[in-house]
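Hi everyone, thanks for making time.

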Amino acid sequence: MKSSIGEARIKEALRARQMCARSSAHAVHSHPHENHKRRDRAFANSRLRNKRYPEEETQRKLKELNAAVANISKYLNVQQVPNVSFLDDVLLALELKQSGLPEVTLPQEFIDALSSDDF
Amino acid sequence: MATLLASFAHKPDTLFYLDTSAVFPLALQAAGTQNQLELDRARRVSAFLDHAKRNSSRGLCSVLVLEEIAAHIRNKTQRDALTRVRCDKWRDFCDTDPDNAEAEGKKIQATVLKMLTHTADALASAGITVEQPVVINAAEAGKKLRKAHRDFLRHYHAIDSMDALHMALGSTLGCKHFITFDKHWTSVTEIEVLYN
């Protein structure tokens, strides 16, 4: 899978979520009146999450995200930028596509003729 | 429900979805248009978003806006090129003059990218984010999106397929307020349309 700015953001978000999961499990442990069963379940879940993170879970999330975006792209019949999920990705794709293209200046009459009424 | 952009009473923490007709004037302004109607629209959208920001609200759009702008510029520049070489179809142009067609194709691509760059600059400067619905169950979400799209189209004959898709995407992204310059949207009652 091609690495992109969008994926880096997702990995970062997953790391933040992992830290939240750890701290909430810690909060459950440290509360003196907490129900034992709930505490044990939270601890077991946090261990399970920690075991699954970071690689397996990240890959799963990215796969799901890509599937979602691909689904929308397919629906929209988007062929040019198939894995777009964030503006950064669009710009990255544009930079890649720009190589080998001539430098153009948009003529004033061309810009003036464009209208938002066409949408 | 439809409200004029100028008479909207701002409330805090509101998400505003902008369709392509609302983003395009900003892109044209960034590209240096002298078209007074577009400049006036760009000023109104910018002023509205500035007001929204002061109320902790913000504007967003989807990648559909970029796709629509790209397709529009591509079609227009392709038509202009075909008129210049007196051809009806791009395929005919490629068959009769492949070298020239390839050079024109690169120019068209560069023009599309230039306009998208202006659009990206305008979005960044207005503080509008480009978002996509990120979902856990992709198949289920895709199904819901398509259903919402079909429902909008079924209920409102005045709106076209792309408009309905903007509404479905915006709703999926949690927006209830939609900014547009397309008056056909004013017939839609499920969302709050801000126009003019």
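Before I start, one term: when I say that two residues meet or are in contact, I mean that their C-beta atoms, placed from the backbone, lie within 7 Å. And please keep in mind that this is a predicted model.

B:V23, B:L26, B:A27, B:Q29, B:A30 and B:A31 of α1(B) are in contact with a set of residues from α5(B), namely B:M115, B:H118, B:T119, B:D121, B:A122, B:L123 and B:A126. Sorted by class, this contact between α1(B) and α5(B) holds nine nonpolar, three polar and one charged residues. How far apart are the axes of α1(B) and α5(B), and at what angle do they pack? The axes are 8 Å apart, and the angle is about 110°. Angles from 65 to 115 degrees count as roughly perpendicular, and α1(B) and α5(B) are therefore roughly perpendicular to each other.

Now let me step back to the whole picture. Chain B has 196 residues, and 42% of them count as buried. Its C-alpha trace spans about 60 × 40 × 30 Å along the principal axes. Chain B contains seven helices and six strands. If you read along from the N terminus, the order of elements is β-β-α-α-β-α-α-α-β-α-α-β-β. Among the contacts in chain B with a separation of 6 or more, 67% come from residues 24 or more positions apart.

For chain A, residues 24 or more positions apart make up 58% of the contacts with a separation of 6 or more.

Is α1(B) largely enclosed by the rest of the structure, or largely open? Twelve of its twelve residues are buried, so α1(B) is largely enclosed. The buried residues include B:T20, B:S21, B:P25 and B:L28.

Just after α1(B) comes B:G32, with a positive phi of about 90°.

The partner helix passes that check as well. α5(B) runs over residues 98-126, and its 29 residues should span 42 Å at 1.5 Å a residue; the end C-alpha atoms are 42 Å apart, in agreement. α5(B) is followed by B:G127, and the phi of B:G127 is positive, near 75°.

The crossing of α1(B) past α3(B) is right-handed. Which residues meet here? From α1(B) they are B:T20, B:V23, B:F24 and B:A27, and from α3(B) they are B:V65, B:E68 and B:I69. By class, that gives five nonpolar, one polar and one charged residues in the contact.

B:M1 sits in the segment before β1 of chain B. B:M1 counts as exposed because it has 12 C-beta neighbours inside 10 Å. Apart from neighbours within four places in sequence, B:M1 is in contact with B:T189, B:E192 and B:V193. B:M1 and B:L194 are 193 residues apart in sequence, yet their C-alpha atoms are 8.7 Å apart in space.

Then there is B:A158, in the loop between α6 and α7 of chain B. B:A158 also has 12 C-beta neighbours inside 10 Å, so this residue counts as exposed. Beyond residues up to four places away in sequence, B:A158 touches B:H184 and B:S187. B:A158 and B:S171 are 13 residues apart in sequence and 19 Å apart in space, from C-alpha to C-alpha.

How values were computed:
Residues are numbered from 1 along each chain as its sequence is written. Chains are lettered from A and ligands numbered from 1 in the order in which they are written. This is a predicted model: local features need pLDDT of at least 70, side-chain atom pairs count only at pLDDT 80 or more; totals for chains, interfaces and linings use all residues. Helices (H or I, at least four residues) and strands (E, at least two) are DSSP runs, numbered from the N terminus. A residue is buried if 20 or more other C-beta atoms lie within 10 Å of its own, exposed if 12 or fewer, and partly exposed in between; C-beta atoms are placed from the backbone. A crossing is left-handed if the near helix is turned anticlockwise from the far one by less than a right angle, and right-handed if clockwise. Ala, Val, Leu, Ile, Met, Phe, Trp, Tyr, Cys and Pro count as nonpolar, Asp, Glu, Lys and Arg as charged, and the others, Gly among them, as polar. The expected span of a helix is 1.5 Å times one less than its number of residues. Axes are lines fitted to C-alpha atoms, for helices over the stretch in contact, and angles run from 0 to 180 degrees between N-to-C directions. Angles under 35 degrees count as roughly parallel, over 145 as roughly antiparallel, 65 to 115 as roughly perpendicular and the rest as oblique.
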